[in-house]
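Welcome! Please keep the view beside the text as you read.

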Amino acid sequence: MTEIDAKIDALVPAWLTLPDIAEMLDVEVTRVRQLVKEGQLIAVRRGENRALHVPAAFIDGDKVVKGLSGTLTLLRDDGFTVEEMIEWLFTPDPTLPGTPAQALSENRGTEVKRRAQALAV
């Protein structure tokens, strides 16, 4: 888990703390920490108290956005850092259209994964 710079912070429209996510998913905070540790979610330290935060776009109601975990795995396998993953997921891509994070939330994960796989080539 890293602390992010202002440029990356500005790309993400909204953030959630781990306790917020635990409440939304109806699980204990320790389970959310486990999701981060397992790579199903990514978290960064931000704010005055450097608390862990996850982009709000990664949570859809009471579950993690479909396709996020696989996309994060592909990006990690491509050598991306957490900061680089967030930057890629929240940078607009005119060919999608929108950002990869938006596409995932709109159930267009296959196209996002294709783009992530192409990064390795």
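The points below go through the structure topic by topic.

This is a predicted model, in which local features need pLDDT of at least 70, side-chain atom pairs count only at pLDDT 80 or more, and totals for chains, interfaces and linings use all residues. Residues are numbered from 1 along each chain as its sequence is written, and side-chain values use heavy atoms, with hydrogens and water left out. Helices (H or I, at least four residues) and strands (E, at least two) are DSSP runs, numbered from the N terminus.

**Two packed helices**

- Helix H2 (residues 18-25) packs against helix H3 (residues 29-38) at an angle of about 105 degrees, and their axes are 8 Å apart; the axes are lines fitted to C-alpha atoms over the stretch in contact, with angles running from 0 to 180 degrees between N-to-C directions.
- H2 is therefore roughly perpendicular to H3, a term for angles of 65 to 115 degrees.
- On the H2 side the contact (heavy atoms within 4.5 Å) involves Leu18, Pro19, Ile21, Ala22 and Leu25, and on the H3 side Val29, Val32, Arg33, Leu35 and Val36.
- Sorted by class, this contact of H2 with H3 has nine nonpolar, no polar and one charged residues. Here Ala, Val, Leu, Ile, Met, Phe, Trp, Tyr, Cys and Pro count as nonpolar, Asp, Glu, Lys and Arg as charged, and the others, Gly among them, as polar.

**An aromatic pair**

- Rings of Phe, Tyr and Trp (its six-membered ring) pair if their centres lie within 6.5 Å; planes under 30 degrees apart count as stacked, over 60 as edge-to-face and the rest as tilted. By this rule there is one aromatic pair.
- The partners are Phe58 and Phe90, which form a tilted pair, 5.8 Å centre to centre with 35 degrees between the planes.
- Phe58 lies in the loop between strand S4 (51-55) and strand S5 (59-60) and Phe90 in helix H5 (residues 82-90), so the pair ties together parts that are 32 residues apart in sequence.
- Phe58 is buried at 1% relative accessibility, and Phe90 is buried at 5%. Buried means under 20% relative accessible area, exposed over 50%, and partly exposed in between (1.4 Å probe, protein chains only).

**Polar contacts**

- A polar contact is a pair of N or O atoms within 3.5 Å; within protein, one must be able to donate a hydrogen and the other to accept it, and residues adjacent in sequence count only if both atoms are side-chain atoms.
- Asp93 is in the loop between H5 and helix H6 (100-105), and its side chain makes a polar contact with that of Thr95 (2.6 Å).
- Arg115, in helix H7 (residues 109-119), also has a side-chain polar contact with the side chain of Thr95 (2.8 Å).
- Asp93 is buried at 18%, and Arg115 is buried at 16%.
- Lys7 of helix H1 (residues 6-11) is exposed at 52%, and its side chain makes a polar contact with the side chain of Glu87 (2.8 Å).

**Backbone points to look at**

- Most residues other than glycine have a negative phi, and most peptide bonds are trans.
- A cis peptide bond, with omega about -15 degrees, joins Leu96 and Pro97.
- Arg50 is not a glycine, yet it has a positive phi of about 55 degrees; Arg50 is partly exposed at 37%.
- Asn107, in the loop between H6 and H7, has a positive phi of about 65 degrees and is exposed at 54%.

Technical notes: Parallel < 35°, antiparallel > 145°, perpendicular 65-115°, else oblique.
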